[in-house]
Every structure is written in C-alpha cells, then in structure tokens.
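Welcome! Here is a short briefing to read alongside the sequence and the 3D view.

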Amino acid sequence: MDKTTPHPLFKLATELGPLMVFFVANAKFHLFVATGAFMVAVVAAMIASYLVTRHVPIMALVTGVVVIVFGTLTLVLHDETFIKVKPTIIYGLFALILGGGLLFGRSFIAIMFDQMFNLTPQGWRILTLRWALFFLAMAILNEIIWRTQSTDFWVGFKAFGVIPLTMIFAVTQMPLIKRYHLEPASLEASEAAEGDVSKG
C-alpha cells in the first residue's frame with residue numbers, strides 16, 4: 001500500500017497532541033482522568049495518522065498498544081503505578097528489539113522509525129546501537145524520576161522533557177547519517193548486484 005508523506009506539522013501534532021492532553025488533564029483534574037484522556041488521544045492520533053497517510057508507524061502502534069493496556073490497568077485497579085511504569089516498558093521493549101536484532105545481524109531501526117534515508121550496513125548498525133542505548137537510558141531515567149519525584153513533576157517531564165531529549169539526540173545523529181549515507185546510484189548498483197547474484 002502506498003504511503004502519503006504527511007506535513008511535518010501533522011506528524012508533530014500526532015506525536016505531541018496526546019502528551020499535551022495528558023498534561024492539561026492532569027493539571028485540571030488528576031492522574032486518573034488524565035490517563036483516560038491520554039488513551040483516547042493516542043487512539044485518535046493513530047486513527048488520524050491512518051486516515052491521512054493510510055499507514056500507522058510501527059513505533060506509534062506499539063506505543064498505542066502499551067498505553068491502552070497499562071492505562072486500562074491504571075483505571076481498573078486505580079493504581080497510578082501502571083501508567084508511570086508504562087514508559088519504562090516501552091523504552092525497554094524498543095531497546096530489547098533493537099539490541100536483540102543486532103545480535104542476530106539485523107538493524108530494525110529503519111522499520112521502527114519508518115525512515116526514508118538509506119545507509120550503508122555499517123551505518124545502520126551504528127545508528128541502531130546508539131538508539132538502543134538511548135532507549136535503555138530513557139527507561140532508567142523514567143524509573144528514577146517516577147520513583148523519586150512527585151506525580152506532577154513526572155507528568156511535566158513526560159510532556160516537556162521526553163520530546164526535547166529525543167529531538168536533541170536525533171539531531172546529534174545527523175553527522176553519522178551523512179557520513180554513512182548511501183547515494184541513490186550506489187543503492188541501485190548494490191540492488192542490481194544482488195539481483196545478478198540471485199539470478200546466477
């Protein structure tokens with residue numbers, strides 16, 4: 001199925017929108033109302049993404065499933081621990097997928113982030129390792145914050161700390177991406193060579 005490239009502002013809205021809903025609902029009401037609102041906003045963002053692009057990124061899909069599961073546990077059991085540990089589970093899962101893939105010689109970072117650029121095999125391996133370590137660090141950071149700080153501080157960090165940290169890390173990877181970028185001509189030659197080998 002063909003995918004439509006959305007406007008950057010649309011992509012930003014679907015990523016930041018649910019977090020802003022979560023933050024505002026927590027400020028006006030409490031964490032349990034915010035959790036329910038967050039679940040609805042995440043589902044709405046995935047539906048909007050599919051309607052506009054006919055595609056839901058793997059990362060957003062996995063995040064949405066975990067949000068729904070842990071959000072439901074939070075509301076049903078009336079225990080805020082579940083929604084607080086949710087980011088740890090998501091980051092840990094991404095780190096495990098990326099790190100585990102490397103052990104088997106696979107780089108899943110392109111699939112996870114639905115990226116459009118092309119890198120050499122070495123470039124993919126390095127980028128995958130870096131993101132795996134980043135997700136591991138974020139999982140540890142989330143555990144430290146929710147266990148040592150107030151709920152309001154944790155919500156604020158989730159809304160205004162996670163995205164900037166992720167964007168800063170992504171920007172710092174641009175030199176690596178440029179260094180190992182595979183030009184279209186080189187990519188076509190590589191694919192042609194693979195085709196000749198398979199025919200032989």
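Axes here are lines fitted to C-alpha atoms, for helices over the stretch in contact, and angles run from 0 to 180 degrees between N-to-C directions. This is a predicted model, in which local features need pLDDT of at least 70 and side-chain atom pairs count only at pLDDT 80 or more, while totals for chains, interfaces and linings use all residues. Residues are numbered from 1 along each chain as its sequence is written, and side-chain values use heavy atoms, with hydrogens and water left out.

**The overall picture**

- The protein has 10 helices and 0 strands, where helices (H or I, at least four residues) and strands (E, at least two) are DSSP runs numbered from the N terminus.
- Read from the N terminus, the order of elements is α-α-α-α-α-α-α-α-α-α.
- Of the 200 residues in the protein, 36% are buried; buried means under 20% relative accessible area, exposed means over 50%, and partly exposed is in between (1.4 Å probe, protein chains only).
- The protein exposes about 11,500 Å², with carbon and sulfur atoms supplying 71% of it; accessible areas come from the Shrake-Rupley method with a 1.4 Å probe, and for residues only the protein chains shown count as cover.
- Take the contacts (heavy atoms within 4.5 Å) between residues at least 6 apart in sequence: 66% of them join residues at least 24 apart.

**Helices α7 and α8**

- Two packed helices are described by the angle between their axes and the distance between the axes.
- For helix α7 (residues 151-160) and helix α8 (residues 162-172), the axes come within 4 Å and cross at roughly 35°.
- On the α7 side the contact involves F157, K158 and F160, which meet V162, P164 and L165 in α8.
- The residues of this contact divide into 5 nonpolar, no polar and 1 charged; Ala, Val, Leu, Ile, Met, Phe, Trp, Tyr, Cys and Pro count as nonpolar, Asp, Glu, Lys and Arg as charged, and the others, Gly among them, as polar.
- Helix α7 is largely enclosed by the rest of the structure, because 7 of its 10 residues are buried.
- Those buried residues are T151, W154, V155, G156, F157, K158 and A159.

- V43, I47, Y50, L51, V52 and I68 make a nonpolar surface patch of about 490 Å².
- Patches are made of residues with over 30% relative accessible area and no salt bridge, joining like charges within 9 Å and nonpolar side chains (Val, Leu, Ile, Met, Phe, Trp, Tyr) within 5 Å.
- Helix α2 (residues 31-53) gives the most to the nonpolar patch, with 5 residues.
- L51 is placed in helix α2, and its 55% relative accessibility makes it exposed.

**Salt bridges**

- A salt bridge is a side-chain nitrogen of Lys or Arg within 4 Å of a carboxyl oxygen of Asp or Glu, and the count by this rule comes to 2.
- One of them joins the side chains of K84 and E80, at 2.8 Å from N to O.
- K84 is buried at 6% relative accessibility, while E80 is partly exposed at 27%.
- R147 also forms a salt bridge, with E143, and their closest N and O atoms are 2.7 Å apart.
- R147 and E143 are 4 residues apart in helix α6, so about one helical turn separates them.
- R147 is exposed at 56% relative accessibility, whereas E143 is buried at 17%.

- T128 sits in helix α6 (residues 121-148) and is buried, with a relative accessible area of 0%.
- Apart from neighbours within four places in sequence, T128 is in contact with L98, L102, S107, F108 and I109.
- H78 is in the loop between α3 (58-77) and α4 (81-103) and is exposed, with a relative accessible area of 55%.
- Not counting residues up to four places away in sequence, H78 touches F32 and L73.
- H78 and F32 are 46 residues apart in sequence, with 7.6 Å between their C-alpha atoms.
- Most residues other than glycine have a negative phi.
- H78 has a positive phi of about 55° although it is not a glycine.
- A13 lies in helix α1 (residues 8-28) and is partly exposed, with a relative accessible area of 45%.
- A13 and A45 are 32 residues apart along the chain, and their C-alpha atoms are separated by 8.3 Å.
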